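This briefing sets out selected structural features for use alongside the sequence and the coordinates.

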Amino acid sequence: EGVTGRTPILKPGEVFEYTSTAPLSVRPIATTIIAARMSGEYKYVTLSEGQETATESQVSQGGDASAALGMFHFVFPEEQRVQPVTSSYDDDDEEDATNVKTTTVTSSSSTQTRSAVSPPPSTASPPAKSAASPASTLPGDSDMASGNISISTSDSSNIITDNVRVQVSSIYRPERSDAKMDKHCFAYNVRITNEAPSQNIQLVSRRFEIQTIGSETKDVVQGPGVTGRQPILKPGESFEYTSTAPLSVKPMKDKTAVVARMEGEYNFVLLGDDGSTPLSSTPLQAKMGVFHFILPDAEAA
């Protein structure tokens, strides 16, 4: 369902744009430079006047129209073809994860830095990249499982680790929630700032833990990059993005307005004097402090 996990609403003239990866297990052959062929379609619902989002019936029926994704090919780069050609070699700066940019309210990201790309090959070891992995679980916090919250609750956090500050705040999205179905959607905004006086850094991966109220376990999600990017931050520069957390959770309204707790860390490497070569292959961690997804008063009542 959706596009990169999202179901964006587009007003006239608006655009949803994303970049994704296709990890193919395929060996090049001499008769073609093509690795794979792809085509498809996107199903959508045309919203009627005054309708803010698609109904469950419209979603379950797969939309009322479709937009074709024209056929295209994945082509082996020259250096991987069976019959090589003579040409100059360009550094491979492919991003290693899903890269999302949108003009809708679904998700957005912005940065005050240079384009987020992997540093060029060098004699130094490249930054360690965490392979994208499916969600796993850990034992959860007992107070979240019982609903008797034992720590102070806040919908934001602000913490600095090794000169990297991570600020996060969350907000309820009623237009994308359905309380009757125990579906509660939140948006959370993250701002990562390099506060080192003279050291460039590059964010390389992230790891999050999230536990919904009443659950005995935490979900652990980790992968390379930050919204698909691996931005380089000079001293004083920030990378900021907004993402969504669509939660399927039954609130414990008689005990707390909290429906989930989240924390995590961003892995980063220090860069050398040239601003792009990692000083070590072992990343450091910038902590994302604990914060909560909290129902507003109207929903918690």
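## Structural briefing

A search of the whole structure, which is a predicted model, finds twelve salt bridges. Salt bridges with shared partners join D141, D143, R207, E209, K218, R261, E263, E265 and K287 into one network.

**Salt bridges of R261**

- Side chains of opposite charge can pair when their charged atoms come close.
- R261 and D141 meet through their side chains in a salt bridge, with an N to O distance of 2.9 Å. This pair links distant parts of the chain, 120 residues apart: R261 belongs to strand β14, while D141 is in the loop between β6 (133-139) and α2 (142-146).
- R261 also forms a salt bridge with D143, and here the closest N and O atoms are 2.8 Å apart. Again the pair links distant parts of the chain, since R261 is in strand β14 and D143 is in helix α2, 118 residues apart.
- D141 has a relative accessible area of 23%, so it is partly exposed.

**Salt bridge between E240 and R191**

- The side chains of E240 and R191 meet in a salt bridge of 2.7 Å, N to O. The two residues are 49 residues apart and link distant parts of the chain, with E240 in strand β13 (residues 238-248) and R191 in strand β9 (residues 183-194).
- E240 counts as partly exposed because its relative accessibility is 24%. R191 also counts as partly exposed, at 26% relative accessibility.

**The largest cavity**

- Rolling a probe the size of a water molecule over the atoms shows where empty space is left.
- The largest cavity holds about 30 Å³ of space.
- Which residues line the largest cavity? The lining is made by D141, E209, I210, Q211, K218, R261 and E263.
- By residue class, this lining divides into five charged residues, one polar and one nonpolar.
- β10 (201-212) and β14 (258-270) each supply at least two residues of the lining. β10 gives the most, with three residues.
- The lining includes D141 and R261, the two residues whose side chains meet in a salt bridge at 2.9 Å. E209, K218 and E263, also among the lining residues, belong to the salt-bridge network as well.

**Nonpolar surface patch**

- I33 is placed in the loop between β1 (16-19) and β2 (34-44). With a relative accessible area of 38%, I33 is partly exposed, because that value falls between the limits of 20% and 50%.

**Backbone features in loops**

- Most residues other than glycine have a negative phi, and most peptide bonds are trans.
- N163 has a positive phi, near 70°, in a residue other than glycine. N163 is found in the loop between β7 (156-161) and β8 (164-172), and at 39% relative accessibility it counts as partly exposed.
- D182 is not a glycine, yet its phi is positive, at about 55°. D182 lies in the loop between β8 and β9, and its relative accessibility of 23% makes it partly exposed.

**Position of G236**

- G236 is found in the loop between β12 (232-233) and β13.
- Is G236 buried or exposed? Its relative accessible area is 54%, which is over 50%, so G236 is exposed.
- The C-alpha atom of G236 is separated by 7.3 Å from that of A196, with the two residues 40 residues apart along the chain.

Conventions: Residues are numbered from 1 along each chain as its sequence is written. This is a predicted model: local features need pLDDT of at least 70, side-chain atom pairs count only at pLDDT 80 or more; totals for chains, interfaces and linings use all residues. Side-chain values use heavy atoms; hydrogens and water are left out. Helices (H or I, at least four residues) and strands (E, at least two) are DSSP runs, numbered from the N terminus. Buried means under 20% relative accessible area, exposed over 50%, partly exposed in between (1.4 Å probe, protein chains only). On a 1 Å grid over the protein atoms alone, a cavity is a set of points where a 1.4 Å probe fits but cannot get out, and a pocket is an open set with protein on both sides within 12 Å along at least five of seven lines; lining residues have an atom within 4 Å of a point. Grid points are joined across faces, edges and corners, and a volume is the space filled by probe spheres set on the points. Ala, Val, Leu, Ile, Met, Phe, Trp, Tyr, Cys and Pro count as nonpolar, Asp, Glu, Lys and Arg as charged, and the others, Gly among them, as polar. A salt bridge is a side-chain nitrogen of Lys or Arg within 4 Å of a carboxyl oxygen of Asp or Glu.
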